[in-house]
Amino acid sequence: MMRARAPGFSAITGALAALLVWAGHFTLIYGAHALACERGFADAALLGLPAVPALVLGASLAALLAVGLVGWRAWRRLDGSLAAEAGEDAPRFLAWLTLATALLAALAILWEAVPVLLLHSCR
Amino acid sequence: MAGPPEPDPLSPDAPLPNPLPRPAGELEALERAWRRPTGWRFPTVVNNTWIGVLYLGTALLFFVLAGVLALLMRAQLALPENDLIGQDLYNQLFTTHGTVMMFLFAVPAVEAMGVYLLPAMLAARDLPFPRLSAYAYWAYAIGGLVFFSSIFYGAAPDGGWFMYPPLTGKQYSPGVNADFWLLGIGFIEISAIAGAIEIIVGVLKNRAPGMTLARMPIFAWAMLVFAAMIVFAFPAVIWGTILLELERAFGWPFFIAARGGDPLLWQHLFWFFGHPEVYIIFLPAAGMVSMIIPAMVQARLVGHGLVAMALLGTGFLSFGLWVHHMFATGIPNLSLAFFSAASFAVSVPTGIQVFAWIATIATGRPRLQVPMLFILGFLFIFVLGGLTGVMVAVVPFDWQAHDTYFVVAHLHYVLIGGMVFPLLAAIYYWAPAAGGQGLSRRLGTFAFWLLFLGINLTFFPMHVSGLMGMPRRVWTYPAGMGLEVWNLLSTIGAVVAALGVLLVAIDVLLHFRIKGTMAGNPFHAGTLEWLPQGNYAARSIPRVTSREPLWDDPDLAEQVLQGRHFLPGTATGRRESLVTSPVEARPQYLAIIPGPGWAHVLAAIGTAGFFLSLTVEWVLVAAGFGALAVASVLRWLWTGTDLGEIREPAEIGGGLRLPVYATGPESVGWWAMVVLLLVDGTIFACLAFTHGFLWLVNGDGAWPPAGMALPPLPAAALPAALVAASGAAICLAGRLLRRGRALAMSLAVLAALGLLLAGLGTDLQALRAAGLRPEAHAFGAAVFANQFWQGVHAAAVLVMALYLVARSWAGMVDPVRRLTFEVVRLFWLYAVAQALAGMALTHLFPRGLA
Amino acid sequence: MQHSVFSPMGPEAARIAELAWLLFLGGGAIFLLVMLALLLALGGGEGVRRRLGARRAILAGGVAFPVAVLSALLLHVLGVAAALGAGGREPALRIEVTGRQYWWEVRYPAQGITTANEIRVPVGRRIELLLDSGDVIHSFWVPALHGKRDMIPGRVTSLRFSLDRPGVLRGQCAEFCGTQHALMAMLVIAEEESAFAAWVARHKVPVAAPADPTLALGWQAFGRAGCGACHAIHGTPWAGRSGPDLTLLGERRSLAAGTLDNHQATLAGWIAGPQEIKPGNAMPAFNTVLDGKELRALAAWLESLR
């Protein structure tokens, strides 16, 4: 009997990859910041920069790169076309979904990184 | 394979799966298998159409009851310095109102819509675990009614639906009121999780052949995201509830600052659930809107993919908002800004949905029938509530608005606009699907206007009274502050809205009938729930080739009714459902699903009785109910699951031969256990967070604090080794089973059980020998909370192991029939991994810090 | 008496009120635009409906527009938050406030003053409140002053502000704290520097036994009934700390955390039966301990503390 190895179980997780990166990024910046403030090493220097902004911006860049990679791979599977949300063809639809969620995740990461440039770390 | 390639039976070009005429007796056999119990056996019913309607009806009953409580509150607040209702009753009223609306109305109502609609919409015969849905329903109905009646004895919770300690701790709330909340609501959360497992597995594994993810209706997307959110959000409040009950019952100081606890720990756990909760309620409603609008305007949803993306995105981002409710707690501004930004981000997908609905309306020919009126009302109210939502996401503004009537206004705009109006639209829209006859257009139109005007009149003035200085949860307010007129308007509005609800109730009582069968498609909708249905759902399972099959294939309904699509009868004479692959929806096997029975009903009575008797500390009665629940669950599993390969693979049409038994990742049971373990893993993550958080807030203090010590590391190594050996033993049992050595397998299972219990027991013993106690300090409390949770798992493993061995001795486990074993092993290995992680948390984390 | 978000008395509240107006006007405009789009979708002309029905309309209205507006708002809000959070000048006056079920203990550590339910502050000075709780979670909220700040057992939170002009500001507990959460109000009295200094000075004068016979009876009643077990009065042997400090009680505008106006009759009534007036508060009734004459004398003496 043919055993249908669910094609694209990885496609589902693939569509969630960018949002999972967002979740990791969010947990990291919130957790690291709380830790830095509670334990008083917020004013320490990291690579010559204040610890909290350096950490948050570094994590945000890494997360944006990861999300960008997810989005770029999906874009290639779509042959660079965004037309009509890839229609009803399942693999193309999932690729489109991956790309769209990557854009949303990127926006969220970007917005969450901005405050670190404007606000004092622990007040 | 030889010969010419067979055409893909799922392709639209292939001939219809089954020929005419159908064999004599086929339909009768199908009807016999799916016959609904009648008379005094009615409570045993499991069909999703019946359970769904009961579920929804009960949820609506709670909506009315909690609404009456709201009316009492509005009566009290109609005038300043009013003494109609005293402070004690008032505090119980608002606590019960909020709790009932959130836990007993909103979540169950949308879950009920899912249970009711999903099988029909996916053209499944039923959801994969009908008894689980029925169990969830009965536990909820019994527990919910008892919980609600506590207000008649003055024993209702009075600490707010958010239950903040230390106010809800033993010192400041010595009565049973808080326990009613913790235990009463605690197990209703379990019922919600049971429903979520059902929905996730159902949506991923029970879709009609050819209904790929790309063709899946938006409502199914919404319910999938909804259920997944429950899986990750509810564990936080379940864990918080466990901690608070442990503190109240045994004095373990998780939230008592004087002994190293922190009240904010509760707030983090509660709102990690509480904020996603709002979207848990909203997303299914949004999914319903995305189904109703296309039918009302006779046009396809514009931006189907965008809307699916918006649902997924909202599901994730809404977990980044919980501190939104803690802006005034003195957390650093930068932390608040992260959450503020996430709140902004989550409004983008919501905006996408709003404009997708507007675009769909613009492309179609709108008909102003009752469902459409409620949809338009929804758009007005919800958009307004969404905008005030952005306002309260603005930190400095929220410092003023937080905990005032402005927030009361905002949340009611969002929840009534975002959930109640779509639900009413849905009731008016789908009522014909249940009874063949729709509700009254006249009554519905009147009700709509009363509700629309009443709701706006009630809640719009609250924006003003809040910013004029009126905090929430006050039983009275002084005259002369200019609050009088706004409060009077709100009270008048509440009466108007109540009349609207009354009209809807009259309409439903007069015109709603359940026939269990449906013919016709009065709104000329495009999706499968409008196929002709019997108790067995559609006669044959349609081959799906587009998103709106009924629009694209006008003959489909007739073909399905004639039995020309897949599985037009029953292969085994029992209830069956067609299990398909999660992405492409290719048929995999025929799952045999259990029919009516008493076991799950008794299990529900036992579960509800157990928690409720614990509340009033009737320990023996609770033990009796607990035993009833466990025994009933075991009987239910024994008779209804893992039947094995009871016949050879069966023909379902189109040349497809499917086995009637599956194990491993193909089977629905395996998926259900995986989802359950996700819930469990999230609870463990909350446990680890608790430990880390308590360390963090205990300043520079040593961990463990002075005067407390952990046992030496070698003492912890033995338990870890025993637990790991238990994992190895259960894997060995799996190998023995594959070789058909049932007796050896049973012995290996028992050995594995012994190892696990010995490992956990020696660990507990070592901690106690080191002098550690849970009551003295939050450190000990955190360590023993971990022990408690491992103990719960040990008990579960104990029951499972004995069940497995008993099945094996009864000859019901063999190399083919091994689903029970696989499911138990999955849980077992999780329990082992969790125990090891727990030991690392107890013994290694504090040492790593030092 | 100022109690509204829209009648700010200092720069912090003014900044938030300004932000609130921006949000209302902007939010109102967006609401009208969306409703207009909905109306046009329902009954607009062919051309308009075709444009609204295109996928591009979703991207414009649901993506581009919110992203642009919210980005601008985010930057603006962060600016406001930075200005409010930076704290500005170092505070010139620190006041500690402890929330208790259902009243406020107020301490001026530098001045050595303890009082209750009324916070006197000098206009123009930079002030910092240090907030904590003696029992459950409360929230300090005086809308005309600043946003609210929670008072959490085991933690100290702070709020920095200044006031532009003299006046009386009403505030109220904003976190549900039990039975009488609704009757837990307070007043902030902003006055000129000289008036504040005079108040501090009056507070430091020890209270002595009165000569007037009625007032003396009141003094004795206070001692006989055991009031001093819970209440303190500066300069007397009575130094209880579980209830409000009663020094200068006669000067306060209200009783029982904003529940009653403060005069002799209400005070006598309160002492006689506090559980009728504010059920669930910690003060027991004294109508069985003191007779009518003693009650009136006690109220008269307490009112004379000014």
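A disulfide is a pair of cysteine sulfur atoms within 2.5 Å. In this predicted model, a disulfide joins Cys37(A) to Cys122(A), with an S to S distance of 2.0 Å. By this rule the count over all chains is 1 disulfide.

**Basis of the model**

- Because the model is predicted, local features need pLDDT of at least 70 and side-chain atom pairs count only at pLDDT 80 or more, while totals for chains, interfaces and linings use all residues. Residues are numbered from 1 along each chain as its sequence is written, chains are lettered from A and ligands numbered from 1 in the order in which they are written, and side-chain values use heavy atoms, leaving out hydrogens and water.
- Helices (H or I, at least four residues) and strands (E, at least two) are DSSP runs, numbered from the N terminus.

**Cysteines**

- The torsion about the S-S bond of Cys37(A) and Cys122(A) is about -85°, so the disulfide is left-handed.
- Cys37(A) belongs to helix α1 (residues 9-38) of chain A, whereas Cys122(A) lies in the segment after α4 (115-118) of chain A, so the pair ties together parts that are 85 residues apart in sequence.
- Cys122(A) is partly exposed, at a relative accessible area of 29%; buried means under 20% relative accessible area, exposed over 50%, and partly exposed in between (1.4 Å probe, protein chains only).
- Cys731(B) is also partly exposed, with a relative accessible area of 34%.
- Cys227(C) is in no disulfide, and the nearest cysteine sulfur, that of Cys230(C), is 8.6 Å away.
- Cys227(C) is buried, its relative accessible area being 11%.

**Chain A overall**

- Chain A contains 4 helices and 2 strands, arranged along the sequence in the pattern α-β-β-α-α-α.
- Of the 123 residues in chain A, 41% are buried.
- Among contacts (heavy atoms within 4.5 Å) in chain A between residues at least 6 apart in sequence, 64% join residues at least 24 apart.

**Sheet of chain C**

- In chain C, 5 strands form an open sheet of mixed pairing, in the order β3-β2-β1-β5-β8; two strands pair if DSSP finds at least two bridges between them.
- The edge strands, β3 (113-116) and β8 (157-161) of chain C, each pair on one side only.
- Neighbouring strands of this sheet are turned by 25° against each other on average, direction ignored.
- Strand β5 (residues 127-133) of chain C pairs with β8(C) in the antiparallel sense over 5 bridges, and the bridge partner of Ile127(C) in β8(C) is Phe161(C).
- Helix α4 (residues 193-204) of chain C lies across β1 (93-100), β2 (103-108) and β3 of chain C, at about 100° to β3(C); axes are lines fitted to C-alpha atoms, for helices over the stretch in contact, and angles run from 0 to 180 degrees between N-to-C directions.

**Helix packing in chain C**

- The axes of helix α5 (residues 213-224) and helix α8 (residues 292-303) of chain C come within 7 Å and cross at roughly 105°.
- α5(C) and α8(C) are therefore roughly perpendicular to each other, a term that covers angles of 65 to 115 degrees.
- Residues of α5(C) including Trp219(C) and Phe222(C) meet a set in α8(C) that includes Leu298(C) and Trp301(C).
- The buried residues of helix α6 (residues 264-272) of chain C are Thr266(C), Leu267(C), Ala268(C), Trp270(C), Ile271(C) and Ala272(C).
- Their cover includes β11 (254-255), β12 (260-261), α7 (274-277) and α8 of chain C.

Note on methods:
Angles under 35 degrees count as roughly parallel, over 145 as roughly antiparallel, 65 to 115 as roughly perpendicular and the rest as oblique.
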